[in-house]
Each structure stands twice: as C-alpha cells, then as structure tokens.
Amino acid sequence: MVNSDFILCHNECDKNYYEGLLEKKCFINPTLMIEDSIKSTKSVVDRCGTIIGGNLVRWYGGFNSLMVAYQSNETIWAPSMGRMLDDELLFEDIKHLPYMSWVDWINTLNNFKYAVHLNPNTIAGTFSLNCAYLGIPCIGNIHSDTQRICFPDLSVNSDDIKKAKNLMEKLRIDEKFYVYCSNNSKKLYDIHFKESVYLQKWKNIESEICEL
C-alpha cells in the first residue's frame, strides 16, 4: 500500500484513516448492489421476526445485536456465516438460516420486520444496504456509510447498546416511526446507492485519478 498511487475504500472513516496513515489520496468507492436478479422482489406486508447481521463472535458484534434484538419481542434469526462457532447452534434463543445464494438471501431477508447489525467493523456494509433496498429498519454501526446514510435515525456506536435498545423499542411501539424509517431507507438507497448513481460516482473518481 505504501507504493500505491491511491487507495479505494468503502467508508468515510476508512478514508480518513488511510489518508492519515499513508498520506495517499483516498477515494470512497460506494458499496454496490446489482439489482438485475432481484427486481421482481416485492415488499412483504406481514413481516415478522428480527434478524441480526452476523453470529455471536466479536467480528460480527453478534452478542450486542442479540441484546438489542430481544427488545423487539420477535423470534430472532441469524445467518450462518463463516466465523460461526458450532456451539452457537446449541443456543436456543437464535434460529439460524442456512448458507444460501445471494438471491435467496434477499428473498429470505425480505420477510423480516426488524434488523440489527452492530458490527464493530465498518467493512462494506452490505447487510445495511440490503435492508435499505427492502425497506427493513436496521439498527447498526454509525461509522458504516451504508448504515449512516440509509438509516440516519437508527445509527449508533456499535457498543452503545442502551441507545440501540431505545431505538428498537421506539420501532416496536411507534408505527409512524417504523414506517418513516422503512420508507426513508428506500428513498436514500435510490439517492445514494443505486447502480446509476454508483456509475456517476465512479466516473468522478476516474476523473480525479487522471489528474493525480
């Protein structure tokens, strides 16, 4: 990386980190969903259940997500990720989805009412982006661009369980707030992350790279 001409990253916090660390020009390359294979996905009226964005290992922040998910009073589900420990299958409070293709994942995710992903690592933020596309209110890490931009009212520091619980309680008892977060996330997804927006942002990045 020291010998690179520039850096591409996903999040504003990453940009600040790498520019400070390496003193190189850094560009935010937004996380992208290719929607071609899921355009027929329709909104589910009677959504139920709460899904957390990862397993209980610290990498995914699953324990924090679980503590918040309890506040929803819904059945709690988790995807089966690569870092999942076998002992987690013995934990009766969580039901696990099998590993599946991305299209099947989107169609399955579309059935859930709430989502929580307090991953302490910002990374690409695809879970929050998937939720925004579907209009599923997601409580998550404020330092992840997809979360912060699509869910400005539901973004917290990953260890702020108290605030996250309060937000889940508000989603559960305040229907207007729930509907607002759902509709607003879909609108913000279209404004900031749909494919045509990404292509324009990439053209802008290319132009700046050519000037380096």
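**Figure 1. The right-handed crossing of helices α2 and α6.** In this predicted model, helix α2, which spans residues 62-69, packs against helix α6, residues 161-173, at an angle of about 40°, and the two axes lie 8 Å apart. On the α2 side the contact is made by N64, M67 and V68, which meet I161, A164, K165 and M168 of α6. Sorted by class, the residues of this contact comprise 5 nonpolar, 1 polar and 1 charged.

**Figure 2. The packing of helix α6 against helix α7.** Helix α6 also packs with helix α7, residues 175-192, here at an angle of about 105° and with the axes 5 Å apart. Because angles of 65 to 115 degrees count as roughly perpendicular, that description applies to α6 and α7. From α6, the residues L167, K170, L171 and I173 take part, and their partners in α7 are E175, F177, Y178 and C181. The contact of α6 with α7 is made up of 6 nonpolar and 2 charged residues, with no polar residue among them.

**Figure 3. The largest pocket of the predicted model and its lining.** The largest pocket holds about 520 Å³ of space, and 28 residues line it, with G53, M81, W105, T126 and F127 lying nearest its centre. Helix α3 (102-109), helix α4 (126-134) and strand β7 (138-141) each supply at least two residues of this lining, and α4 gives the most, with 4 residues. The lining of the largest pocket divides into 12 nonpolar and 16 polar residues, and no charged residue belongs to it.

**Figure 4. The second largest pocket and the elements that line it.** The volume of the second largest pocket is about 180 Å³, and of the 13 residues that line this pocket, I28, P30, D145, K201 and I205 are the closest to its centre. Strand β2 (25-28), helix α5 (145-150) and helix α8 (195-210) each contribute at least two residues to the lining, with α8 giving the most, namely 4 residues. By class, the lining of the second largest pocket consists of 7 nonpolar, 2 polar and 4 charged residues.

How values were computed
Residues are numbered from 1 along each chain as its sequence is written. This is a predicted model: local features need pLDDT of at least 70, side-chain atom pairs count only at pLDDT 80 or more; totals for chains, interfaces and linings use all residues. Side-chain values use heavy atoms; hydrogens and water are left out. Axes are lines fitted to C-alpha atoms, for helices over the stretch in contact, and angles run from 0 to 180 degrees between N-to-C directions. A crossing is left-handed if the near helix is turned anticlockwise from the far one by less than a right angle, and right-handed if clockwise. Contact means heavy atoms within 4.5 Å. Ala, Val, Leu, Ile, Met, Phe, Trp, Tyr, Cys and Pro count as nonpolar, Asp, Glu, Lys and Arg as charged, and the others, Gly among them, as polar. On a 1 Å grid over the protein atoms alone, a cavity is a set of points where a 1.4 Å probe fits but cannot get out, and a pocket is an open set with protein on both sides within 12 Å along at least five of seven lines; lining residues have an atom within 4 Å of a point. Grid points are joined across faces, edges and corners, and a volume is the space filled by probe spheres set on the points. Angles under 35 degrees count as roughly parallel, over 145 as roughly antiparallel, 65 to 115 as roughly perpendicular and the rest as oblique.
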